Amino acid sequence: MPEVAAAHAEVREVLGVAADEAVFEPLTHNPSNGVTAGVWRVAGGDRSAVLKVLTRTKETGVAWSAFNDPRHWNFWRREAYVYRTGLAGVWQPHGLRAPRLLECVERPDGDVALWLEDVPGEPATAWPLAGHVDHAHRLGGAQGAVGPGEDAPWLSRSFLRDYISGKTTGEELLDDDEAWRQPLIRRHFPPGLREDMVRLHLDREWFLTVMESLPRALCHLDQRPANVVRGGPGASVLLDWAFTGDGALGEDLGNYLPDCVFDLFVPAADLPGLAKAAYDAYVHGLRGSGWRGDERLVRLGVCASAVKYDWLTALMLARADREPVAYGGEGTVPAELRYRERALTLAFLAEWAAEARMLAPLLGFPQAPSGR
């Protein structure tokens with residue numbers, strides 16, 4: 001049993017067996033995040049559960065440090081509040097839910113242990129495109145019906161702005177001709193992408209202001225295939241509610257779709273068709289649940305969310321001479337594959353950004369600094 005994983009009493013309470021009879025299987029997660037001491041599937045007898053230990057004492061890089069500020073995007077106790085208050089269940093009538101909370105334990109060392117349902121469904125990482133479209137429909141229905149919800153003091157605020165402001169690796173390379181001549185970059189970045197990504201960076205403050213001015217919604221803020229599991233017919237189970245808080249309507253969808261490709265679960269060639277079908281399904285879900293706002297504001301929220309990935313181009317420039325590491329640090333990814341797929345996705349996001357620049361002035365926003 002890993003030392004940090006569990007107290008003996010917790011295992012007996014949740015699984016009904018002694019701790020030395022339980023099997024701990026480490027699960028893939030972001031090991032850099034300072035709020036997560038570890039995640040395990042724990043099996044004992046005929047039961048299993050997922051254990052996630054929240055902490056504020058883990059040593060990590062500045063970009064992923066744990067924070068005590070309840071409004072900060074990486075507030076270390078937020079996920080415990082989401083489960084304890086029942087907030088994770090507000091979307092359940094609309095086909096989206098969280099794993100059931102089995103136990104929440106305040107440990108003597110200050111850490112918090114979340115014992116959660118081990119959801120048996122198929123992860124979205126293995127879904128066909130239609131599965132992602134169905135999920136988008138459920139998401140639209142949930143956010144259209146529930147709205148932004150109550151303003152609990154521990155919900156994140158200004159997530160998008162604060163999240164990307166801490167990601168500065170390689171920013172100086174955006175204007176470095178040599179960096180753009182690196183073989184991986186030359187082979188895979190299509191013509192014009194350099195100009196598009198530099199323009200997105202220069203317009204970043206404008207995009208953030210637009211996103212912060214759009215209709216609000218309760219957002220999960222980390223929706224990606226690795227955090228979604230099929231929960232039965234017409235249902236999705238969302239994992240990892242650590243960032244939950246205030247966001248723009250459409251922001252969750254604008255995060256989910258690019259991450260399908262960035263994490264190599266959907267080919268970049270399928271992204272345009274998937275994005276159109278998923279957006280239409282999301283709007284259909286919104287309308288079906290009673291939302292009656294201006295759809296152009298939703299479209300702007302999805303397209304302007306491209307700014308979330310402003311930092312990624314610089315990071316790719318900075319790491320073009322390294323072997324890419326897979327998510328969770330488990331193994332590597334072929335560099336040619338990662339750079340090809342990510343470059344094509346960045347080009348797609350440049351189209352979203354261009355659409356946002358055209359649409360925003362029609363809705364009363366000032367024109368982007370770089371123009372239309």
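Predicted model: local features only at pLDDT ≥ 70, side-chain atom pairs only at ≥ 80, totals over all residues.
**Helix α3**

Helix α3 covers residues 129-146, which makes 18 residues. Buried positions in α3 include Gly131, His132, Val133, His135, Ala136 and Arg138. Leu139, Gly140, Gly141, Ala142, Gln143 and Gly144 of α3 are buried too. The buried residues of α3 pack against strands β4 (96-97), β7 (216-219), β8 (228-230) and β9 (236-238), and against helices α9 (251-262) and α10 (271-288). Gly147 follows α3 and has a positive phi, near 75 degrees.

**Two helix pairs**

Two packed helices are described by the angle between their axes and the distance between the axes. The table gives these values for two pairs.

| Pair | Angle between axes | Distance between axes |
|---|---|---|
| α3 and α10 | roughly 30 degrees | within 7 Å |
| α9 and α13 | about 155 degrees | 9 Å |

The axes of α3 and α10 cross at roughly 30 degrees. Angles under 35 degrees count as roughly parallel, which makes α3 roughly parallel to α10. The crossing of this pair is right-handed. On the α3 side, the contact is made by Leu129, His132, Val133, Ala136, His137, Leu139, Gly140, Gly141, Gln143 and Gly144. From α10 come Leu274, Ala277, Ala278, Ala281, Tyr282, His284, Gly285 and Leu286. By class, this contact of α3 with α10 has ten nonpolar and eight polar residues, and no charged residues.

Helix α13 spans residues 335-359 and packs with α9 at an angle of about 155 degrees. An angle over 145 degrees counts as roughly antiparallel, and α9 and α13 are therefore roughly antiparallel to each other. The crossing of α9 and α13 is right-handed. Gly254, Leu257, Pro258, Val261 and Phe262 of α9 meet Glu341, Arg342, Thr345, Leu346, Leu349 and Trp352 of α13 in this contact. The contact of α9 with α13 holds seven nonpolar, two polar and two charged residues.

**Asp151**

Asp151 lies in the loop between α3 and α4 (159-165). Leaving aside residues up to four places away in sequence, Asp151 touches Arg71 and Arg157. Gly245 is 94 residues away from Asp151 along the chain, and the C-alpha atoms of these two residues are separated by 8.6 Å.

Key:
Residues numbered from 1 in each chain as written. Heavy atoms only, no water. Helix = DSSP H or I, 4+ residues; strand = E, 2+ residues; numbered from the N terminus. Expected span 1.5 Å × (residues − 1). Buried < 20%, exposed > 50% of the residue type's maximum accessible area, 1.4 Å probe, protein only. Contact = heavy atoms within 4.5 Å. Axes fitted to C-alpha atoms, helices over the stretch in contact; angles between N-to-C directions. Parallel < 35°, antiparallel > 145°, perpendicular 65-115°, else oblique. Left-handed = near helix turned anticlockwise from the far one by under 90°. Nonpolar A, V, L, I, M, F, W, Y, C, P; charged D, E, K, R; others polar.
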